[in-house]
Amino acid sequence: MTTTDAGRSRLRFHRRTLPNGLRVVVAPDSLAPVVAINLWYDVGSRHEVPGKTGFAHLFEHFMFQGSRNVAKAEHMAIVQAAGGVNNATTFFDRTNYFETLPSHQLEVGLWLEADRMATLLDALSQENLDNQREVVKNEKRQSYDNRPYGTFYENLMAAVFPQGHPYHHTPIGSMEDLDAASPADVIDFFRAWYAPNNCVLTIAGDVDVEPAFAAVERWFGPIPANPALRRLPYAPVEPIIGGEVRKVIEDAVPMTRVHVGWRTPPFGTPAFDALEVGMQILAGGEGSRLHRRLVREERLGQDVTAFVLPLVAGASILAGWVTVRPGEDPDAAERIYLEECERLTREPVTEDELLRARALIESSELAARSRMEEVADRLSMYETYFGRAELIDEMLDRLLAVDAEAILAAARAVFRPDNRAIVTYVPAEPAEAA
Amino acid sequence: MPGTAGDPLAYLATRPSPSAPRPYDFPDFRRERLPNGLTLISAHLPGRPLLAAQLLVRGDAGGGATSEPAELAGTTVLAARAMTEGTAQRDALALIEASERLGAGIAADAGWESLTVSLEVPRSRFLAALALFAEVALTPAFPADEVERLRDERLNDLLQARAEPRRRVERIYPETIYADGAPYGRPLAGSETTVPRIDRDVVVARHAALMRPDAATMVIAGDLSGIDVAREVERVFAGWTAPAGVGPAGGRPSPARPGGRRIVVADRPGSRQSELRIGHVALARRTPDFHAASILNATLGGLFSSRLNDLLREQRGYTYGVHSGFDMRRHPGPFTVRCAVRTDITVPAIVDILGELERIRASEVTDAELSLARDYLAGVFPLRFETAAAVAGAIAGLVIHELPDDELDRYRPAIAAVTAADVLAAARAHVRPAEASIVLVGDAASVEEPLRAAGLGEVTVLSALPEAEAAG
């Protein structure tokens with residue numbers, strides 16, 4: 001085991017593939033009597049077809065509605081009775097399902113996951129569909145539509161990726177498409193994408209390696225592979241947007257917020273690594289350039305951010321925003337924001353900035369490493385996207401090796417006026433008093 | 001097992017049993033008193049290289065927002081947050097940069113019951129970070145310019161809070177259930193009226209009054225092997241001595257607003273959902289039936305399969321989720337049901353919620369509900385303490401609430417001992433739907449008439465105009 005200055009150890013893990021194609025990663029760690037089970041299915045909103053946006057996420061909800069041996073609403077109850085917590089999320093490129101349990105409950109968790117992977121459709125009913133459709137529509141209202149700036153994500157993705165590209169729409173989808181969902185759609189989606197050979201299963205925590213593999217074989221081994229599984233190719237996409245896209249939205253917001261998006265190379269490329277470190281320097285903390293200049297010095301911004309999304313299908317997005325203080329000039333705030341982005345293309349970042357960025361990245365990695373849920377999720381991610389769970393260590397090495405030259409080169413390719421979308425939310429005129 | 005009955009998946013019908021649980025105890029911690037009166041608590045957690053520390057001033061020594069004057073509400077939070085804006089030795093940016101070079105997170109904040117300075121840093125850089133941490137705690141410079149910036153940011157934050165339905169309802173709800181002047185009825189970080197009154201002098205005075213070693217506790221958790229914690233802490237806090245005389249008075253209790261139920265609709269024209277809060281003043285953390293109340297809440301609205309969530313989400317499809325909770329503080333805090341529901345079913349949702357609050361008081365929970373809640377709360381206990389920061393936070397909670405050192409060791413046995421009769425008694429004492437207020441942010445044009453027609457109580461509508469509530 002090697003150790004870095006911050007005390008990070010190399011992660012120990014084992015990997016096997018079952019005959020039905022299920023890829024299994026086991027990472028033993030006995031610091032706490034806790035085990036995390038984590039499944040990544042290689043399907044997300046980018047696999048949806050026109051007119052059926054939001055289906056990957058709606059489908060995720062069905063995975064909690066019971067299966068052949070688990071009654072409706074019983075899934076969560078079994079996990080909670082086992083003393084565990086669980087959830088699932090749907091992203092552009094994947095859907096993940098995960099539970100953290102006291103380690104002696106490992107098999108209960110595996111059984112629940114196996115039962116829904118193998119027999120979900122036995123529990124499908126129109127009633128469940130109607131109920132979960134309403135739940136998801138409430139989720140959309142609560143988390144997006146009924147919040148100030150809540151629709152920025154939809155607007156920014158639509159501006160950075162062209163009509164017809166799978167990243168043009170976000171995982172929550174549209175109300176109209178959700179209304180049109182039928183049981184047949186759910187059946188088709190399950191048959192197309194939910195199979196052991198389209199899944200990575202990770203177990204991290206207080207387990208012994210061989211018994212853990214044996215338990216996975218016991219519960220998942222007999223589930224048949226999908227022999228007709230398709231690998232959806234990445235849709236072709238230009239490396240840059242090819243122009244500046246601008247949109248102004250009047251909304252019930254108290255302050256103007258300028259959102260900016262750029263198209264970038266995908267997650268997993270050296271250029272993306274460089275952008276990730278670059279974003280730490282640009283907006284990663286109180287000492288970052290944007291925070292320093294817009295919030296502290298010029299005091300035009302209430303808050304400021306910039307980050308890259310880890311998308312893999314041929315391209316990704318760098319996004320951010322500045323919320324403009326009342327009474328300050330939104331144009332000035334936008335100009336300074338863009339100036340600071342473009343400064344990254346002209347002059348190299350300083351050694352001190354790199355040193356600080358590396359120290360912060362390393363500490364956040366240590367924090368992630370101390371939680372089994374996070375360890376399992378990262379192993380699943382690297383194995384699903386790149387077939388390389390080893391990246392859990394290698395990625396940090398790569399980020400720590402990013403230098404000023406790499407950031408300069410990556411920034412030059414991205415921060416171009418013909419590669420940005422600017423979506424500005426401005427306060428609507430107040431309605432007349434009732 | 002595979003192959004039986006010709007169905008290769010028949011084996012899934014047999015549910016596995018758990019194996020024998022591995023023992024778990026909350027980590028041991030050591031308590032000592034340093035010569036200057038500072039209490040030091042350390043928890044050695046082998047294999048946890050990211051260390052966490054908290055320096056906190058106890059509530060009984062005035063260390064929270066409950067002890068600040070009403071007309072200066074928000075002072076304690078602002079004083080805490082301004083501590084990281086520069087010290088006697090370096091300005092704000094130099095301080096931030098020094099901390100970032102160590103990969104350290106140093107933050108200060110205040111709650112109702114305590115003021116806390118916290119640190120997270122890899123153990124290899126602990127000593128350097130500890131010195132910086134002490135600098136922040138003891139010699140903050142409070143530059144007037146930075147205090148003013150934080151004050152402006154808070155005022156802007158209040159504007160944002162008004163536009164966000166969830167934050168707006170969380171502002172109005174405590175005002176509705178607590179008596180005028182009660183600390184818990186105010187916004188913790190101050191209001192439009194009080195924040196402009198807070199300047200550097202106010203902040204400096206608050207910090208000076210609170211930061212005394214005899215009222216403070218330092219909690220450190222993580223892999224402390226090879227670190228002489230007591231010596232290092234003593235060294236960095238060597239010059240810190242308690243001033244003569246007694247410290248500031250402790251926090252004031254917050255009486256409930258007399259007169260029972262209120263129904264308040266804060267208008268948000270065109271709102272697609274009603275953001276709803278239902279509840280009343282309930283319990284302090286040191287209540288003797290803490291464990292029964294925990295089971296009660298898990299069954300009612302804490303778990304995913306709780307009565308409230310099962311009815312409103314899984315059966316009715318009214319909401320993305322509904323939760324209930326006791327916010328237990330040093331003095332009685334709120335019991336609250338929280339959810340956002342579709343505008344057109346606002347009244348049926350309220351009726352359903354009130355019905356469940358009545359039902360939990362009417363008869364004992366079932367055996368299945370009781371064992372689910374017990375198994376869940378006992379089972380997730382070790383999951384809550386994976387990180388050093390979580391362990392330090394739990395110990396800090398004991399200090400803030402003046403709970404015994406073995407409180408966390410007793411947790412699982414105490415949960416296991418709760419009976420259905422205990423839960424019923426707790427429900428009858430602490431869930432009181434007849435006096436529960438109903439507060440929502442939503443489209444008044446759609447919900448006001450149905451609410452009045454439902455006869456749940458007198459309805460007050462707050463206008464959508466920004467000034468209306470601030471005047472209250």
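Student: Which residues in H11(B) are buried?

Tutor: In this predicted model, the buried residues of H11(B) are B:Glu369, B:Leu372, B:Ala373, B:Arg374, B:Tyr376, B:Leu377 and B:Gly379.

Student: And what do the buried residues of H11(B) pack against?

Tutor: They pack against elements of both chains: helix H2 (74-81) and E5 of chain A, together with helix H8 (290-302) and helix H13 (411-416) of chain B.

Student: Turning to the contact between the chains, how many residues does each of chain A and chain B give?

Tutor: Chain A contributes 69 residues and chain B contributes 64 residues. On the chain A side, the elements that give two or more residues are H2, E5, helix H3 (106-119), helix H4 (126-145) and helix H12 (351-369).

Student: What is the make-up of that side of chain A by class?

Tutor: The side of chain A that touches chain B has 33 nonpolar, 19 polar and 17 charged residues.

Student: Now the domains. How is chain B divided?

Tutor: Chain B consists of domain 1 (30-236) and domain 2 (263-384 + 403-470). The centres of these two domains, taken over C-alpha atoms, are separated by 30 Å. Their contact takes 17 residues from domain 1 of chain B and 21 residues from domain 2 of chain B.

Student: Which element gives the most to the domain 1 side in chain B?

Tutor: Helix H5 (residues 165-177) of chain B does, with nine residues. By class, the domain 1 side of this contact in chain B has nine nonpolar, two polar and six charged residues.

Student: How is chain A divided, then?

Tutor: Chain A has domain 1 (14-220) and domain 2 (243-427), with C-alpha centres 28 Å apart. In chain A, 32 residues of domain 1 are in contact with 29 residues of domain 2. The elements giving two or more residues to the domain 1 side include strand E2 (23-28) and helix H5 (152-160) of chain A.

Student: One more topic: which residues touch the most other members of the largest nonpolar core?

Tutor: That core has 269 residues, and A:Leu379, B:Ala53, B:Phe133, B:Ala392 and B:Ile395 touch the most other members. Leaving out residues up to four places away in sequence, B:Ile395 touches B:Phe29, B:Ile41, B:Ala43 and B:Val219.

Key. Residues numbered from 1 in each chain as written. Chains lettered and ligands numbered in written order. Predicted model: local features only at pLDDT ≥ 70, side-chain atom pairs only at ≥ 80, totals over all residues. Domains from an automatic or database assignment. Contact = placed C-beta atoms within 7 Å. Helix = DSSP H or I, 4+ residues; strand = E, 2+ residues; numbered from the N terminus. Nonpolar A, V, L, I, M, F, W, Y, C, P; charged D, E, K, R; others polar. Core = buried A, V, L, I, M, F, W, Y, C linked by C-beta atoms within 7 Å. Buried ≥ 20, exposed ≤ 12 C-beta atoms within 10 Å, placed from the backbone.
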